[in-house]
Structures are given as structure tokens and as C-alpha cells.
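Could you have a look at this one with me? I jotted down a few points while going through it.

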Amino acid sequence: MAEKKIIAVLGATGAQGGGLARAILADPNGGFAVRALTRDVNSDKAEALAQQGAEVMAVDVDNPESLKKAFAGAHGAFCVTFYWAHFSPEKELAEATSMAQAAKQAGLKHVIWSTLEDTRKWMPLDDNRMPTLMDKYKVPHFDAKGEADGVFTSLGVPVTLLLTSFYWDNFIYFGLGPKEGPDGKLVLTFPMDDRKLPGIAAEDIGKCAYGIFKRGSEFIGKKVGIAGEHLTGAEMAAALSRALGQAVRYNAVTPDQYRSFGFPGADDLGNMFQFKRDFNDYFCGARNPEFARSLNPELQTFDAWLAKSKNLIPLD
Ligand SMILES: NC(=O)c1ccc[n+]([C@@H]2O[C@H](COP(=O)([O-])OP(=O)(O)OC[C@H]3O[C@@H](n4cnc5c(N)ncnc54)[C@H](OP(=O)(O)O)[C@@H]3O)[C@@H](O)[C@H]2O)c1
């Protein structure tokens with residue numbers, strides 16, 4: 001039997017990389033093996049991956065030498081950065097640059113870079129429709145990822161640029177789910193008016209990435225986008241109402257109101273939602289659920305995700 005192609009997976013104990021690691025491990029005859037990269041090879045999540053058959057290797061994305069070791073001898077790599085761990089677009093760009101350089105040096109045959117738009121191409125810094133943040137960004141957690149696209153391509157890395165979507169899991173882990181309003185009723189708050197928000201179950205991002213690796217060279221040199229479904233705030237609220245068995249109302253606030261909410265990253269997220277709202281045809285068009293389903297036939301709809309996850313959503 002031919003040797004399995006090793007995929008080095010960054011963030012393998014996290015949402016995106018974890019989905020990919022589990023997808024590869026669940027398909028033992030698929031021809032791929034997982035190298036799960038983590039800072040802590042002894043964590044419960046790392047040990048669970050090892051028990052399922054992954055090679056677990058230590059890495060720190062802030063140490064270029066450790067990235068080179070992590071990619072050596074692999075066929076491919078899944079590259080993702082961790083904006084919310086540090087809130088620094090400069091750090092994100094530096095980490096992505098180290099990943100691209102290590103991928104080039106290791107001679108990888110296929111890299112997937114988990115990216116988002118550099119929104120400054122649509123909304124230049126002097127455009128006053130939204131504030132400029134940190135002096136040179138419109139949506140800090142998007143812009144540096146999009147800027148890094150050019151680093152991978154200019155170094156000649158055989159890369160697929162993968163545009164991801166808003167995780168529905170944000171309703172569980174990121175504080176963005178329905179909250180009780182002053183009248184005690186649940187409210188889902190976004191500054192999207194009646195525009196559609198492409199969303200996805202985080203686990204499906206990794207499953208789609210596996211679909212891309214399995215399709216060989218077809219998507220090398222291409223930018224592709226995925227989503228599970230495109231839904232308005234009202235549609236999400238209706239689905240949440242059905243799943244939770246209690247009414248959830250969509251509260252469409254303005255981006256300015258959202259930016260002023262004051263939690264860490266509220267300005268960044270307010271700008272992000274405004275970008276998705278104001279360039280909605282582009283944004284949805286770049287993330288086709290049917291394409292995602294062709295990569296991952298198990299792609300979940302919002303209703304399907306809710307059926308599995310509704311009890312995890314904190315409502316207080
Ligand atoms: N939330 C959303 O809706 C959404 C949508 C699209 C894109 N994104 C982007 O997704 C990215 C995060 O991906 P994720 O959600 O998969 O992350 P995650 O679930 O937070 O997992 C991140 C994993 O990365 C590892 N890690 C963190 N710092 C590291 C470092 N310095 N070196 C090596 N490994 C490190 C951690 O593993 P160990 O502790 O085991 O090392 C952690 O398990 C962010 O950049 C965010 O902007 C988010």
C-alpha cells in the first residue's frame with residue numbers, strides 16, 4: 001500500500017484544525033495521515049488525537065524554527081492563525097509569513113491557508129463609512145489574513161486560499177448568542193439589517209478542508225469560499241426559537257451601536273458585520289454552500305447544527 005500523505009495541521013486542538021484532524025482520522029483508507037500540531041503535546045485534546053492515531057508534534061507558531069520542523073517531510077499543511085489569542089494583526093501577519101516560509105522550505109505539495117478578506121480593498125482607510133482601527137485596519141481580524149494571501153502566493157507556495165465563514169459555534173463560545181432583553185425575552189443582536197450572514201458549523205470547515213486535500217491539485221492556486229447556509233438575523237432567530245422552544249427576536253442595531261457595546265473586539269466585530277452587510281452580494285457570492293457540500297457531503301444546515309448544539313448555548 002502506498003505511504004500515507006502527511007498533513008501537518010496547525011490548531012489541531014482547536015475548532016478549524018480539530019475538524020480537519022478528525023476528518024482525516026475518520027477516513028483511515030483515504031490515503032492521508034495527521035500530524036497534529038500543538039504547543040502542549042500532553043493536553044487532553046492532544047492525547048485524544050494521539051489515541052485516535054494522529055502523530056502529535058510540538059510547535060509554536062511564533063518560533064519559525066519549530067514551524068520548519070513541524071512541516072518537514074509532510075505532503076501538505078493546514079495553516080490558521082489565532083487572532084483572538086492576542087488581538088494583533090501584525091502578529092498574525094508575521095505568523096502567517098513564517099508559515100508560508102516554512103511551507104516553501106519544506107517543499108510542501110499543498111497548503112490550505114485559512115483566510116478572510118482584506119476589507120481595505122473594498123473600504124479604503126480614508127472611507128469614513130466605518131472607523132479606521134489600530135491606525136491601519138478596517139477589520140483587524142480580517143485584514144491581516146487577507147494581506148497574508150499575497151505572502152503565500154508571492155513565495156510560490158502551492159496554496160489554496162480558503163475563505164471561511166462566521167461559526168455558529170460563536171453562539172456557544174464567543175458570547176454572540178441570544179441574550180435576555182429587559183422584558184426577559186431572548187434577543188439576537190446583529191448590525192446586519194435584513195442581509196444574509198454566511199454561517200457554518202466550525203467542525204465543517206475542517207471537513208471541507210479535507211475535501212480540498214482529497215481533490216488533489218484541483219484547487220491549488222485558487223481562492224475558494226465555504227458556508228453552511230446564508231441566513232438573515234430574522235431567519236436565525238426563527239430557527240433558534242424553534243430549536244429552543246422559546247421566542248427569540250432579532251434585534252437589528254446599527255453598526256455604530258454595535259461598535260459601542262464595549263466588549264473586547266466590539267469595534268472590530270461592528271466593522272466586520274458592516275462589511276458583510278454593505279458588500280453582501282460579494283460576501284455571500286464568495287461562500288457557496290453547494291460548493292462546500294460538494295467538498296463535505298455531511299455539511300450541516302443551521303437547523304441541523306442547532307439540533308445537536310442547542311443545549312450548549314448559554315442563555316443567561
Ligand atoms: N469565530 C469565527 O466565527 C471565525 C470565523 C472565521 C475565522 N475565524 C478565525 O479563526 C481563527 C482561530 O481558529 P480556531 O477557531 O480554529 O482556533 P481555536 O479553536 O481558538 O484553536 C486554536 C488552537 O491553536 C493553538 N494555538 C494557539 N496559539 C498557538 C501558537 N502560538 N502556536 C501553536 N498553536 C497555537 C491552540 O492549541 P494548543 O493550546 O494545543 O497549542 C488552540 O487549540 C482566528 O484567527 C479567527 O479570526 C473565526
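1. Ground rules. This is a predicted model, where local features need pLDDT of at least 70 and side-chain atom pairs count only at pLDDT 80 or more, while totals for chains, interfaces and linings use all residues. Residues are numbered from 1 along each chain as its sequence is written, and side-chain values use heavy atoms, with hydrogens and water left out.

2. Ligand shell. There are 25 residues around the ligand, and T13, T38, R39, T81 and Y167 come nearest (a residue is near if one of its heavy atoms lies within 4 Å of the molecule). At least two residues of the shell come from each of α1 (15-25), α5 (140-154) and β7 (166-167); these elements are DSSP runs numbered from the N terminus, with helices being H or I of at least four residues and strands E of at least two.

3. Polar contacts. I'd check the pairs of N or O atoms within 3.5 Å. The side chain of Y167 has an N or O atom 2.7 Å from a ligand oxygen, and a side-chain N or O atom of D60 is 3.2 Å from a ligand nitrogen. A polar backbone atom of G14 lies 3.4 Å from an oxygen of the ligand. The protein buries 81% of the 930 Å² that the ligand exposes when taken alone (Shrake-Rupley areas, 1.4 Å probe).

4. Sheet. β7 turns up again here: the open, mixed sheet runs β7-β10-β12, with strands pairing if DSSP finds at least two bridges between them. β7 and β12 (229-232) are at the edges with a single partner strand each, so one side of each has no neighbour in the sheet. β7 pairs with β10 (residues 196-200) in the parallel sense over two bridges, and F166 has G199 as its bridge partner in β10.

5. Aromatic pairs. I get 24 of them in the structure, counting Phe, Tyr and Trp rings (for Trp the six-membered one) with centres within 6.5 Å; planes under 30 degrees apart are stacked, over 60 edge-to-face, and the rest tilted. F142 and F275 have ring centres 6.5 Å apart and planes at 75 degrees, so that pair is edge-to-face. F142 sits in α5 and F275 in α10 (residues 266-278), so the pair ties together parts 133 residues apart in sequence. F142 is buried at 2% relative accessible area, and F275 is buried at 0% (buried is under 20%, 1.4 Å probe, protein chains only).

6. Ring cluster. Ring pairs link a cluster that includes F166, W168, F302 and W305. Both W168 and W305 are buried.

Key
A polar contact is a pair of N or O atoms within 3.5 Å; within protein, one must be able to donate a hydrogen and the other to accept it, and residues adjacent in sequence count only if both atoms are side-chain atoms. Buried means under 20% relative accessible area, exposed over 50%, partly exposed in between (1.4 Å probe, protein chains only).
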